Amino acid sequence: MTGNWIKAVVFGSTIVLAGSLGGTRARAMGDEPATGGETVTQYLTPATLEMMFPGAEKVGEVGGAPPSAAVYKGDRQVGYVFSTWDVTQSKGFSNQPLILLVGLDLAGRITGARVVHHTEPIAILGLHDEDFHRFAENYKGFDVRPGVDVVIKLSSSVLGQESFSQRAAPGTTGAAKVDAVSRATTSSVLISDAIVRGARIIARSRGILSPVGTRTARLDIDRFAPADWPELEAAGAVGHLRVLYGDVPNKLGAVGAAQGAGANPAAAPDAVLVDFYAALLTPAGIGVNILGKTWYDQYTAGRGVDDQIMLLAANGAYSFLGDGWEKGDVLDRVEIVQGERTIRLPTSQIKTLPFLHAEKPPDLTERALVFFPGSGEFDPTRPFQVNLLVAGASAAGRRGFASFGLPYHVPNAYVLPATADATAAGGKPDEAKESQVGGPPAAAGTRVDWRDIWRGHPVKIAVLGVGLSTLTVILFLQNFVTRRPRLHRWIRIGFLSWTLVWLGWYAGAQLTVVNVIADIHALFTDFRWDFMLVDPLIAILSVFTLAGLFLWGRALFCGWLCPFGALQELVNMAARRFRVRQIRIPIALHERLIVVKYLLFLGLVATSFFSWDLAMSGAEVEPFKAAIILRFMTEWPMVGYALALTAASVFVERFYCRFICPLGGGLSIFGRVRMFNWLKRHPECGTRCRICETVCPVGAIKRSGEIDMNECFYCLDCQVTYADDHTCPPMIARRKRRAERAPAMGRTAGLSTRTAPQAERR
């Protein structure tokens with residue numbers, strides 16, 4: 001017997017070592033970008049240059065603002081090569097630099113794009129650097145003038161669609177569509193936006209793209225400087241119109257009242273009916289400060305290069321959209337007047353927003369983006385007026401609209417004079433044009449629109465919510481459940497099956513030690529809720545697990561919600577059903593083996609502060625990617641490692657969870673904050689009785705009878721035994737006492753019955 005468990009330990013250690021040494025797929029790609037200078041020369045290799053410009057013979061010096069290098073065939077310039085980090089400060093899902101080298105020819109077409117550095121946690125998703133390379137290769141030959149729409153391709157859909165857009169901006173049907181990298185859609189969108197917007201910035205600064213505007217003025221699309229809402233409003237970048245209730249009858253020419261959604265006809269004349277705002281968002285100096293960099297990049301990169309974006313927003317009782325506005329062809333409460341033209345706003349070109357990313361914004365009840373095609377009649381460089389039409393009625397009952405005008409002219413700070421165009425037109429294409437503002441466009445903080453991602457998964461979120469609610473009820477009613485052994489067994493099997501099949505294999509919601517390490521780093525660096533919430537199922541599981549640490553410790557997740565843990569336990573249940581002999585690990589060895597998972601966790605956390613790449617390589621000790629995310633359909637070494645650990649659970653229940661899992665070790669450490677002890681014990685436990693110690697399948701009950709909650713998986717087997725009056729000695733004794741009292745109570749009741757009539761006769 002002793003020889004068997006020694007062989008099992010040696011075999012398991014060998015498998016762990018092999019898996020750790022082989023786990024190099026999580027390593028970040030490329031060196032960190034150099035500080036204080038351009039990065040084209042750092043990353044450009046002859047192979048990359050040949051991929052972008054076949055037959056190129058020379059690369060000029062990197063210069064200009066933003067920096068790029070001219071590429072030549074002989075003495076003829078054929079294009080430019082630039083780094084997205086130098087141009088847009090491109091970042092990925094991990095909020096770390098995500099850098100591509102991009103080639104652009106003199107006609108405004110992308111000649112090639114190559115990912116040269118990233119630290120995206122793709123290995124845990126079963127992805128590789130080649131997946132990003134293949135995605136970037138899709139952009140070869142793309143004209144930067146039309147937009148690019150990143151879509152998710154579906155194998156089947158009850159909605160009848162084969163793909164879904166990831167940016168969902170109206171009027172983008174003409175945009176080129178590129179399939180996102182499966183399970184890395186956010187990274188795909190960020191890569192796409194970095195390529196397209198970076199190429200447009202270089203093309204505009206080098207005179208390849210025509211200016212946006214007229215011969216007398218053009219918009220400065222790319223210059224950015226941080227500003228909050230009050231600063232933008234003070235500079236005239238945001239127009240503000242306040243309408244009082246008393247203004248409406250004055251406009252209508254008679255005593256009357258405003259009408260519309262939420263309007264109060266009895267309000268005082270000096271009360272505010274609505275605060276109305278308008279802003280042209282096309283210049284990055286306005287748009288990035290209001291939308292955030294991620295939204296701005298997505299809405300501009302997904303549309304034509306000359307398209308315009310305007311913000312309309314309001315706060316008050318009157319709605320500028322109106323009820324059922326989507327059903328009409330045009331918006332009937334807002335119009336734009338420019339010169340002698342009145343421009344009506346088609347509802348098909350309007351997108352409402354749930355919130356804005358501006359700093360210090362006013363309270364807003366409505367926010368909407370209006371998209372103007374570049375070929376339309378709207379000229380963003382010329383003054384215009386946004387008319388708000390307020391429905392009202394006079395004292396005689398006549399209905400009408402009171403028009404309130406909001407004049408708007410994009411501030412000069414966001415307009416380049418005609419001399420800049422003349423200079424650009426007169427220069428040679430190989431001379432990098434210096435920006436009129438004296439530097440490259442600064443990058444704004446990257447934001448991820450996690451709310452849109454959540455809205456795209458309502459069914460999964462609902463199913464997870466029901467599952468977690470069910471688990472909460474089970475655990476709070478544990479006394480009711482454990483007094484019914486058959487019910488307990490089927491609840492346990494059913495819930496673990498749901499965890500494995502739906503939560504793990506279908507939804508892919510497997511927490512890993514990478515999530516915990518990333519959360520720890522977030523506390524010491526730039527904590528961002530939008531990045532924490534980008535995966536709805538993982539975010540919900542993380543919050544639920546965190547709350548559960550205070551109530552049940554690590555056992556809530558490890559015992560009920562870990563798909564790989566569920567796989568091991570279900571396999572062990574089947575093995576016991578077939579009477580496979582179980583290996584009981586001696587207590588002395590058990591106490592030493594459980595230390596391994598704590599050392600692994602602490603080692604990974606410490607290593608991550610010195611080398612993130614090395615820590616991610618060490619995190620490959622987790623078999624979750626092969627067994628759960630990829631469902632055993634990946635490279636054979638990873639599959640073999642996962643199968644070996646699963647096979648170990650045939651003889652030792654939850655072998656990996658108990659002795660190796662660094663995630664479990666971390667949750668055990670944090671689980672020390674547990675405030676309640678829900679598992680009951682008898683005074684005789686550990687003294688005159690040790691049945692529960694033998695019942696516990698994971699060795700979490702000490703010889704003293706105390707339950708070690710650091711090692712407990714909350715299977716409730718011990719509580720079933722605790723309540724069983726045919727197995728637990730204290731409960732057996734209690735049952736016998738009740739049985740002995742019953743006849744005595746019956747005799748006492750009979751005696752009372754006989755003596756009562758005698759007392760009455762006396």
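Predicted model: local features only at pLDDT ≥ 70, side-chain atom pairs only at ≥ 80, totals over all residues.
Residues are numbered from 1 along each chain as its sequence is written. Local features need pLDDT of at least 70, side-chain atom pairs count only at pLDDT 80 or more, totals for chains, interfaces and linings use all residues, and side-chain values use heavy atoms, without hydrogens and water.

Q: How many aromatic pairs does a search of the whole structure find?
A: The search finds 21. Rings of Phe, Tyr and Trp (its six-membered ring) pair if their centres lie within 6.5 Å; planes under 30 degrees apart count as stacked, over 60 as edge-to-face and the rest as tilted.

Q: Why is the pair of Tyr 139 and Phe 142 called tilted?
A: The planes stand at 55° and the centres are 5.5 Å apart, so the pair falls under "the rest" and counts as tilted.

Q: What makes Tyr 139 buried and Phe 142 partly exposed?
A: Buried means under 20% relative accessible area, exposed over 50%, partly exposed in between (1.4 Å probe, protein chains only). Tyr 139 has 0%, so Tyr 139 is buried. Phe 142 has 21%, so Phe 142 is partly exposed.

Q: Why are Trp 229 and Tyr 277 called edge-to-face?
A: Their planes are 80° apart, with 5.5 Å centre to centre; an angle over 60 degrees counts as edge-to-face, so the name applies. Both Trp 229 and Tyr 277 are buried.

Q: How do you know that the charged end of Arg 206 sits over the ring of Tyr 80?
A: The distance to the ring centre is 5.9 Å. The definition asks for NZ of Lys or CZ of Arg within 6 Å of the ring centre and within 35 degrees of the ring normal.
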